Amino acid sequence: MTLRAPEVSIVTTSPAGDGSAGQSSESSTGTDLKLITGFNTIDAYRQNRCLVIRPTIGMLARHNEINDVRADISEVVKQYPSRVYILDMEMVNFISSTFLGALTDLNKKFKAASAPFRICNLRPEIQKVFTASKFDRLM
């Protein structure tokens with residue numbers, strides 16, 4: 001499977017949460033874009049039938065950070081079920097093999113739920129890791 005950016009608008013502003021996970025606020029743009037706030041390691045946006053999840057940690061290498069990202073993703077997916085899930089990797093500049101394993105687990109969950117899972121905005125150096133590990137074929 002080729003990894004490509006889906007046709008979805010991404011808001012570049014950071015959410016200003018008050019510490020409680022999973023609060024949704026309406027966008028003032030007039031579109032069906034909703035910002036989900038309150039998570040420590042991700043930003044999340046809901047647009048139409050898509051849930052866009054963006055890790056906010058640049059280096060996903062340490063087990064505790066990866067587990068925190070995985071927990072936040074699992075929680076936002078649980079609270080906001082969607083028809084399509086998009087992982088926006090724009091802010092990530094390094095990943096470890098442990099994170100690839102976490103993505104494999106997420107992919108299995110989404111496939112079991114018949115929900116498409118897409119990854120977009122990979123930096124060239126991360127795209128090389130995906131290609132070299134043949135991970136792009138698993139997705």
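A word on the source before anything else. The model is predicted. So how confident is the predictor in the chain? The average pLDDT is 79, and 76% of the residues score at least 70. Strand E4 has the highest confidence, with a mean of 95. Strand E1, residues 23-26, has the lowest, with a mean of 45. One covers residues 1-21. In the model that stretch still makes 42 contacts beyond near neighbours in sequence. The other covers residues 23-30, and there the count is 15 contacts. Please keep those two in mind when you look at the start of the chain.

Now the layout. There are 4 helices and 8 strands. Along the sequence the order is β-β-β-β-β-α-β-β-α-β-α-α. The chain has 139 residues, and 40% of them are buried. Residues 24 or more positions apart account for 65% of them.

Next, the core. In soluble globular proteins, nonpolar side chains tend to be buried together. Here the largest nonpolar core has 32 residues. Which of its residues have the most contacts inside it? They are Val76, Leu87, Ile95, Phe99, Leu103 and Phe130. Several elements each supply at least two residues. The strands among them are E3 (42-47), E4 (50-55), E6 (84-88) and E8 (117-120). The helices are H1 (63-79), H2 (97-112) and H3 (124-132). H2 gives the most, with 6 residues.

Look at leucine 87 for a moment. Set aside its neighbours within four places in sequence. Leucine 87 then touches Ile53, Pro55, Ile73, Phe99, Leu103, Phe117, Arg118, Ile119 and Cys120. There is also a second, separate core, with 7 residues. Its members include Leu35, Tyr45, Cys50 and Cys120.

On to helix H1. A quick geometry check first. H1 has 17 residues, so at 1.5 Å a residue it should span 24 Å. Its end C-alpha atoms are 24 Å apart, which agrees. Which residues of H1 are buried? Glu65, Ile66, Val69, Asp72, Ile73, Val76 and Val77. Those residues cover an arc of only 130 degrees around the axis, so they sit on the same side of H1. His63 and Lys78 are exposed on the other side. And what does the buried side pack against? The partners are E2 (33-37), E3, E4, E5 (59-60), E6 and H2.

Helix H2 gets the same check. Its 16 residues should span 22 Å at 1.5 Å a residue. The end C-alpha atoms are 23 Å apart, which agrees. The buried residues are Phe99, Leu100, Ala102, Leu103, Leu106, Asn107 and Phe110. They cover an arc of only 155 degrees, and that places them on the same side of H2. On the other side, Ser97, Lys108, Lys109, Lys111 and Ala112 are exposed.

Now the loops on either side of H2. Serine 96 lies in the loop between strand E7 (94-95) and H2. Is serine 96 buried or exposed? Its relative accessibility is 14%, so serine 96 counts as buried. Leaving aside neighbours within four places, serine 96 contacts Leu60, Ala61 and Ile66. Its C-alpha atom is 9.8 Å from that of isoleucine 126, 30 residues apart along the chain.

Past the other end, serine 114 lies in the loop between H2 and E8. Its phi is near 55 degrees, a positive value in a residue other than glycine. At 65% relative accessibility, serine 114 counts as exposed.

Lysine 134 is in the loop between H3 and helix H4 (135-138). Its phi is near 60 degrees, and lysine 134 is again a residue other than glycine. With a relative accessible area of 47%, lysine 134 is partly exposed.

That is the tour. Questions, please.

Notes:
Residues are numbered from 1 along each chain as its sequence is written. This is a predicted model: local features need pLDDT of at least 70, side-chain atom pairs count only at pLDDT 80 or more; totals for chains, interfaces and linings use all residues. Side-chain values use heavy atoms; hydrogens and water are left out. A nonpolar core is a set of buried Ala, Val, Leu, Ile, Met, Phe, Trp, Tyr and Cys residues joined through side-chain atoms within 4.5 Å. Buried means under 20% relative accessible area, exposed over 50%, partly exposed in between (1.4 Å probe, protein chains only). Contact means heavy atoms within 4.5 Å. pLDDT is the predictor's confidence in each residue, from 0 to 100. The expected span of a helix is 1.5 Å times one less than its number of residues. The arc is that of the directions from the helix axis to the C-beta atoms.
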